[in-house]
Every structure is written in C-alpha cells, then in structure tokens.
Amino acid sequence: GLQSPRYSVFGDTVNTASRMASNSTPSTDANPFIHIAPSSIALLTAAEDESWMSKAAPGMEITARDDAIEVKGKGCMQTY
C-alpha cells in the first residue's frame, strides 16, 4: 500500500550482498568505509567526468581489499 510499501528483493544480487556483508570488517568512526563489488567499480569509473565522486564524497578512495571472498556459485571475488 501507499502507507507502508513493501518490497521483495531476491536473487543473485542479494546472495552476493549477503556474502560481502558476512565477510566484511565493521566500519568505525575512525575508519568509515563501504564494501562494493567489481560491477559497482565498473559503473563508478566508467563515468565521463569522474570529478563528481570527489564532490559527492570528498576524501573517498576506492581500494581493493587484501583478500578475495568466496561467493557461492561465483567462486572467489575481489571486492573493494
């Protein structure tokens, strides 16, 4: 309904996000970060003008994690 919309999210994206969440280090105030997949890196770096990222999130850097994670059905995945 309009008062309390409900969404059903399922499939490969949810499975990948679950694996990433269960294999990530918690963010802290001193070291805030988000955990993103290779497909997100591709979208972020494909922009014609990458300066939008420095305006939207000053000081944000994209770095590869030191270890790959095991994603069921996909094998090892490098995350950022």
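A pocket, on a 1 Å grid over the protein atoms alone, is an open set of points where a 1.4 Å probe fits, with protein on both sides within 12 Å along at least five of seven lines; lining residues have an atom within 4 Å of a point. This is a predicted model, in which local features need pLDDT of at least 70, side-chain atom pairs count only at pLDDT 80 or more, and totals for chains, interfaces and linings use all residues. Residues are numbered from 1 along each chain as its sequence is written, and side-chain values use heavy atoms, without hydrogens and water.

Reader: Which residues lie nearest the centre of the largest pocket?

Author: The largest pocket has a volume of about 470 Å³, a volume being the space filled by probe spheres set on grid points joined across faces, edges and corners. Its lining comprises 15 residues. Nearest the centre are Phe-33, Ile-34, Glu-61, Thr-63 and Tyr-80.

Reader: Which helix gives the most to the lining of the second largest pocket?

Author: The second largest pocket holds about 190 Å³ of space. Two or more residues of its lining come from each of helix H1 (12–22) and helix H2 (38–45), helices being DSSP runs (H or I, at least four residues) numbered from the N terminus. With 5 residues, the largest contributor is H1.

Reader: How far apart are the closest N and O atoms of Arg-65 and Asp-67?

Author: A salt bridge needs a side-chain nitrogen of Lys or Arg within 4 Å of a carboxyl oxygen of Asp or Glu, and the structure holds 1. Arg-65 pairs with Asp-67 in a salt bridge, and their closest N and O atoms are separated by 3.4 Å.
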